[in-house]
Amino acid sequence: MVDFKMTKDGLVLYIKDYTDIVDVLQKIEDKVKAMGNFFAKGDKIMLLVEEHEKHISDIPKIVARVQELGLTISHVLMGSEGKNDVIIRKKVDMVNQGDTRSGTKLVKKNLRSGQSIIHSGDVILVGNLHAGAEIVAGGSVVIFGRCQGTVRAGINEGRESVIIALSFEAPFVQISDLKGTFTEKFNYPVVLHVKAGRIEVGKYDSKIGGIELG
């Protein structure tokens with residue numbers, strides 16, 4: 001289920017399709033510890049989870065466990081296992097910047113196409129999320145910039161999570177188990193939140209510090 005595979009691009013933590021994330025997390029820990037002194041603290045590896053979209057809500061938990069074990073995920077791969085090698089369909093660059101003491105990840109840069117942030121808690125991005133970039137967060141996401149890429153929030157914390165951006169023109173977002181597609185562009189601060197079982201976009205009202213109630 002869990003194995004390390006050496007490829008021409010580097011070492012890959014390969015996780016086959018599974019049913020129990022708790023079992024996977026334990027197997028990752030067992031595998032890393034069994035390798036003894038093979039790894040040094042901070043070593044970079046890549047991550048590939050079979051059926052990536054099916055397990056997208058587990059990716060932050062897997063990344064967090066790997067980090068707890070002293071390793072860094074440099075890229076998230078999408079692909080499958082071939083006869084002699086790992087077949088990589090897509091390679092996403094992980095943006096690794098320090099977490100705050102509260103567990104919130106604060107990233108101060110623009111995220112360009114092919115880059116991603118994956119974190120088990122809240123994420124604050126001070127910069128633009130360009131088309132082709134992605135944020136996957138266990139909690140809420142705040143973007144001090146333009147949101148054109150994909151945002152998946154509330155993976156761990158559920159439908160109470162929100163997405164806030166200074167301007168919004170992303171075609172797709174996800175909050176918890178709910179997904180939404182959008183064609184309209186909002187050139188002002190907005191809050192995406194769950195209401196009556198669907199994702200809605202509300203204007204952010206700085207006077208009340210939240211969603212404009214109308």
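## Close-up views of a predicted model

View 1. The side chains of Lys33 and Glu29 form a salt bridge, with an N to O distance of 2.7 Å. The structure is a predicted model. Lys33 and Glu29 are 4 residues apart in helix α1, so about one helical turn separates them. Lys33 counts as exposed because its relative accessibility is 56%, and exposed means over 50%.

View 2. Glu68 and Arg65 meet through their side chains in a salt bridge of 3.2 Å, N to O. Both residues lie in helix α2 (residues 59–68), where they are 3 residues apart, about one turn of the helix. Glu68 is exposed, at a relative accessible area of 62%. A network of salt bridges links Glu29, Lys33, Arg65 and Glu68. A search of the whole structure finds 12 salt bridges.

**View 3. A salt bridge between two loops.** In the salt bridge between Arg159 and Asp177, the closest N and O atoms are 2.9 Å apart. Arg159 lies in the loop between β11 (150–153) and β12, and Asp177 lies in the loop between β13 (172–175) and β14 (178–181), so the pair ties together parts that are 18 residues apart in sequence. Arg159 is partly exposed, with a relative accessible area of 38%.

**View 4. Strand β2 and its two partners.** Strand β1 (residues 2–7) and β2 run antiparallel and are joined by 6 bridges. Val2 stands opposite Ile15 in β2. The two strands form a hairpin, with 2 residues between β1 and β2. β2 also pairs with strand β3 (residues 44–49), in the parallel sense, over 4 bridges. Here Val12 stands opposite Met46 in β3. From β2 the chain crosses through helix α1 (residues 21–34) to β3, and this β-α-β crossover is right-handed. Strand β2 (residues 10–15) is largely enclosed by the rest of the structure, because 6 of its 6 residues are buried.

**View 5. The annotated domain and a nonpolar patch.** An unreviewed UniProt entry places the feature "domain: Septum formation inhibitor MinC C-terminal" at residues 107–185. Over residues 107–185 the chain is 48% strand and 0% helix, and the end C-alpha atoms are 24 Å apart. Val126, Phe144 and Leu166 make a nonpolar surface patch of about 260 Å². Leu166 is placed in strand β12 (residues 163–168). With a relative accessible area of 42%, Leu166 is partly exposed.

Methods. Residues are numbered from 1 along each chain as its sequence is written. This is a predicted model: local features need pLDDT of at least 70, side-chain atom pairs count only at pLDDT 80 or more; totals for chains, interfaces and linings use all residues. Side-chain values use heavy atoms; hydrogens and water are left out. Buried means under 20% relative accessible area, exposed over 50%, partly exposed in between (1.4 Å probe, protein chains only). Two strands pair if DSSP finds at least two bridges between them. A crossover is right-handed if, with the strands pointing away from the viewer, the path from the first strand over the helix to the second runs clockwise. UniProt positions are given in the numbering used here, feature names are shortened, and annotations may be inferred rather than shown by experiment. Patches are made of residues with over 30% relative accessible area and no salt bridge: like charges are joined within 9 Å, nonpolar side chains (Val, Leu, Ile, Met, Phe, Trp, Tyr) within 5 Å. Accessible areas come from the Shrake-Rupley method with a 1.4 Å probe; for residues, only the protein chains shown count as cover. A salt bridge is a side-chain nitrogen of Lys or Arg within 4 Å of a carboxyl oxygen of Asp or Glu.
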